[in-house]
Amino acid sequence: MPQTPRTGARDECGVFAVYARGEDIAKLCFYGLYALQHRGQESAGIAVSDGASILVSKDMGLVSQVFNEPRLATMQGHLGIGHVRYSTTGASTWDNAQPAFKVTPAGRGLALAHNGNLVNTAAVARDLGPGGQRCSTDSELLATLLAGHTADVCVEDALVGVCRAVRGAFSLVVMDEQTVYGARDPHGVRPLVVGRLPRGGYVLASETSALDIVGAHLVRDVEPGELVTVDERGLRSRRFAQATPSGCLFEYVYVARPDHRFAETTVYAARRRMGAMLAAEAPVDADLVIPVPDSGTAAAGGYAEASGIPYAEGLVKNRYVGRTFISPSPSLRELGIRLKLNPLRDVLEGRRLVVVDDSIVRGSTSRQLVAMLRSSGAAEVHLRITSPPVRNPCFYGIDMATRAELLAAGLTIGQIRDFVGADSLAYLSLDALVATTRRPKSTLCRACFDGQYPIPVPGEQAAAGKDVLVRPRAGSTDRPPAGVQA
Ligand code: AMP
């Protein structure tokens, strides 16, 4: 098997964990991951334990492709964790699917699932020696590091040590045979929430929609810098670092589901406000407001309501085509967009359109979209984007693009408008976007928009304008190693 290039691939993922007696744990994980599918479509995995041993099952593909009734039925236990993974080019191997599984020096099992991206992986891998150098993702590195730490202390203490040793964004769920753990980096870049099941037991998940789907109620966020432990005795909390919150603003713009509830607002309400504020900041004389579904839908409603311009659906989305970024090459990505959105000529013909989308990254979506709308008879196309120009790469787990690929990195707004072919183009201002979250600006990571990175990024990564992680594992295969069910 050839080695898989690591370029551009990061872990932008969804995590889930549950500890509950008398429940079908594997199915709860399955449904939780199903609700988080938008956070990762490349691979899915579940680990369960009956108190004596951990069984990991993972594979490439969507949750519904990886798991079926017979496979879930083999996974019995009262605790489990799950993961969905998302990446672009490369590293699309079975090895990189999660949960990562390691055996401790004492012979105990550990499974770990990670959402986010570490920034000091190269240094951590070097410190770990040959074992670290062999890791192909930062998640595997975390698991290796954790297993090593357990030589001297219990898993909980080892996890505290790991959380203190690594830098970057991590929302983690971890389990050994008897206990589930959840941890969030001191900046709380990626979300992680705690829920309670009606008959007892706890759930951890990237988004509240995963709690809703398994019938759990939201208890609270896992705090930045907090470690929670769930076992027979219930849930305990421990702080491993002082909180310095820098929640990802792009979660509000694009990543999270509209029904995710941040402490201050739902994503849906924030997106409605984005649209309304965009209407105030960038009004235009037009006949119809149309969303680019689904990420622009709530905001288009907000724009229409605030502007008084009627709302219509001018693009029909094929719901069975995944996020277009999943395509590995530019040409396939373009094909993806056409497969995904089909214009409604009778709605669009002769109309002056306000088209609301959440972001422009490389610009290929907007460019094709505008051309498609014009060829479907639109008289004018006014593009309104519910975030500021994306000018800086993300090092904390959003798989956007390298700096060189970001359209706005080298162009003025006028040049971008010309590139995408719109009659007018306006972006929401950063301050307005921040206001929609109901959080103080200082508690949000805005790096992709303003270049202020809350967690220092090592020079080699910053210079490359992208992630330079641990190198691909030698002899990486798309087959599971012996002893792990695939
Ligand atoms: P682009 O064609 O590169 O400009 O992509 C912009 C489109 O991709 C927007 O319509 C977004 O809805 C979507 N998008 C933005 N960020 C991401 C991301 N990190 N992963 C996948 N899709 C994204």
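**Note on the nonpolar core and the ligand site**

1. The largest nonpolar core has 48 residues, and F250, Y303, Y396 and F449 touch the most other members. Such a core is a set of buried Ala, Val, Leu, Ile, Met, Phe, Trp, Tyr and Cys residues joined through side-chain atoms within 4.5 Å. Buried means under 20% relative accessible area (1.4 Å probe, protein chains only).

2. α9 gives the most to this core, with 6 residues. Other elements that each supply at least two include α10 (267-281), α11 (297-307) and β18 (352-357). Helices (H or I, at least four residues) and strands (E, at least two) are DSSP runs, numbered from the N terminus.

3. This is a predicted model: local features need pLDDT of at least 70, side-chain atom pairs count only at pLDDT 80 or more, and totals for chains, interfaces and linings use all residues. Residues are numbered from 1 along each chain as its sequence is written, and side-chain values use heavy atoms, without hydrogens or water.

4. Around the ligand stand 16 residues (a heavy atom within 4 Å). Y254, D358, R362, G363 and T365 are the closest. Both α9 (249-255) and α14 (364-375) supply at least two residues of this shell.

5. Polar contacts here are pairs of N or O atoms within 3.5 Å. The side chain of Y254 places an N or O atom 2.7 Å from a ligand nitrogen. For ligand oxygen atoms, a backbone N or O atom of V361 lies at 2.8 Å, and a polar side-chain atom of S295 at 3.2 Å. The protein buries 97% of the 500 Å² that the ligand exposes when taken alone (Shrake-Rupley method, 1.4 Å probe).

Methods. Polar contact = N/O pair within 3.5 Å; in protein donor to acceptor, adjacent residues only side chain to side chain. Buried < 20%, exposed > 50% of the residue type's maximum accessible area, 1.4 Å probe, protein only.
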